[in-house]
Amino acid sequence: MYVPMGAMLNRANDHGYAILAVNALSIETMMSIISAAEQVRSPIIIDLYQEHLRGHVDFRYLIPAAIQLAHESFVPVAVNLDHGKDPDYVRRAIHGGFLSVMMDASESPYEQNLATVRDLVQFAKPYGASVEAELGGMGAVAGGQFTDDSMFTDPDQAEAFVTTTGVDALAISYGSSHGTFPDGYVPEFRFDVLEAVKRKARIPLVLHGGSGSGEENLRTSVKLGINKINMGADFMRANVLSLQHSLVAAPDIEYMDLLHGTLAAGTDLVLRYLSLTGSEGEANRG
Ligand SMILES: [Zn+2]
């Protein structure tokens with residue numbers, strides 16, 4: 001079933017689990033993600049990244065496919081615009097059928113971030129679309145190292161931001177960063193920051209950069225108030241490895257078989273992450 005992300009995340013917030021949001025850029029990737037969610041009866045979010053949509057397949061073609069796949073699934077499926085950085089693009093996306101968007105103005109100064117998100121929330125209302133924003137310096141982390149305390153989300157600022165903008169979900173910065181780390185490297189999370197932000201903001205909180213976070217960090221994050229985990233890099237990697245293995249094993253492989261092989265690889269990877277979210281079985285409970 002196709003559902004708006006806002007209600008899905010509110011339920012996760014009420015019951016203390018997280019929804020996995022996975023970056024997809026093709027019909028095959030969307031199919032493999034939904035298939036994993038169905039196997040363990042988890043609600044799921046298809047995250048369509050603005051840069052993928054601009055650089056690969058436009059959302060005008062992917063949105064109808066995503067909505068059709070969602071309608072035909074027996075688990076709740078939301079479709080979200082990931083890291084919408086250009087407000088005009090985000091407005092077009094809402095007008096074009098997205099029921100959930102991320103308006104990421106986190107690289108702007110605080111006041112500008114706040115004004116951009118507040119305006120976007122007002123724009124989204126008549127469409128019934130939910131809005132995720134980001135507060136903190138996660139995007140500015142160099143080499144996976146937090147070098148400055150100001151990179152972490154400030155709990156008081158988060159409370160004011162949520163109240164003033166009316167945003168539905170907030171991505172925060174307490175130790176994760178985008179992409180992957182060298183093998184074996186696990187980033188240090190400031191769980192005190194997460195707890196303080198949750199106490200003040202109370203709305204669904206989002207962790208970006210799930211791929212490089214480490215399993216224990218993710219489990220603890222869910223316990224302390226994260227309700228959406230974004231994951232992209234590991235999923236893309238699983239698809240690339242599947243293509244590599246297939247081509248090495250059979251260089252003359254048919255293109256359909258090559259692409260089809262990625263479905264199982266993608267599904268397996270998503271299942272690993274779903275097991276960390278606490279969302280398994282939740283598709284049947286509300
Ligand atoms: Zn992100």
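Visitor: Okay, how are α5 and α6 oriented relative to each other?
Guide: Keep in mind that this is a predicted model. The axes of α5 (residues 87-95) and α6 (residues 110-124) cross at roughly 15°, and angles under 35 degrees count as roughly parallel, so α5 and α6 are roughly parallel to each other.
Visitor: And within what distance do the axes of α5 and α6 come?
Guide: Those two axes come within 11 Å. The crossing of α5 past α6 is right-handed.
Visitor: Which residues make the contact?
Guide: On the α5 side they are Pro87, Val90, Arg91 and Ile94. From α6 come Thr116, Leu120, Phe123 and Ala124. Sorted by class, the contact of α5 with α6 has six nonpolar residues, one polar and one charged.
Visitor: Switching topic: at what angle do α10 and α11 cross?
Guide: Helix α10 (residues 233-249) and helix α11 (residues 255-274) have axes that cross at roughly 140° and come within 8 Å. That angle makes α10 oblique to α11.
Visitor: Is that crossing left-handed or right-handed?
Guide: Right-handed, for α10 and α11.
Visitor: Which residues of α10 and α11 meet there?
Guide: α10 brings Asp234, Phe235, Ala238, Asn239, Leu241, Ser242, Leu243 and Ser246. They meet Leu258, Gly261, Thr262, Ala265, Gly266, Leu269 and Val270 in α11.
Visitor: How many of the residues in the contact of α10 with α11 are nonpolar, polar and charged?
Guide: The contact of α10 with α11 divides into eight nonpolar, six polar and one charged.

Note on methods. Residues are numbered from 1 along each chain as its sequence is written. This is a predicted model: local features need pLDDT of at least 70, side-chain atom pairs count only at pLDDT 80 or more; totals for chains, interfaces and linings use all residues. Axes are lines fitted to C-alpha atoms, for helices over the stretch in contact, and angles run from 0 to 180 degrees between N-to-C directions. Helices (H or I, at least four residues) and strands (E, at least two) are DSSP runs, numbered from the N terminus. Angles under 35 degrees count as roughly parallel, over 145 as roughly antiparallel, 65 to 115 as roughly perpendicular and the rest as oblique. A crossing is left-handed if the near helix is turned anticlockwise from the far one by less than a right angle, and right-handed if clockwise. Two residues are in contact if their C-beta atoms, placed from the backbone, lie within 7 Å. Ala, Val, Leu, Ile, Met, Phe, Trp, Tyr, Cys and Pro count as nonpolar, Asp, Glu, Lys and Arg as charged, and the others, Gly among them, as polar.
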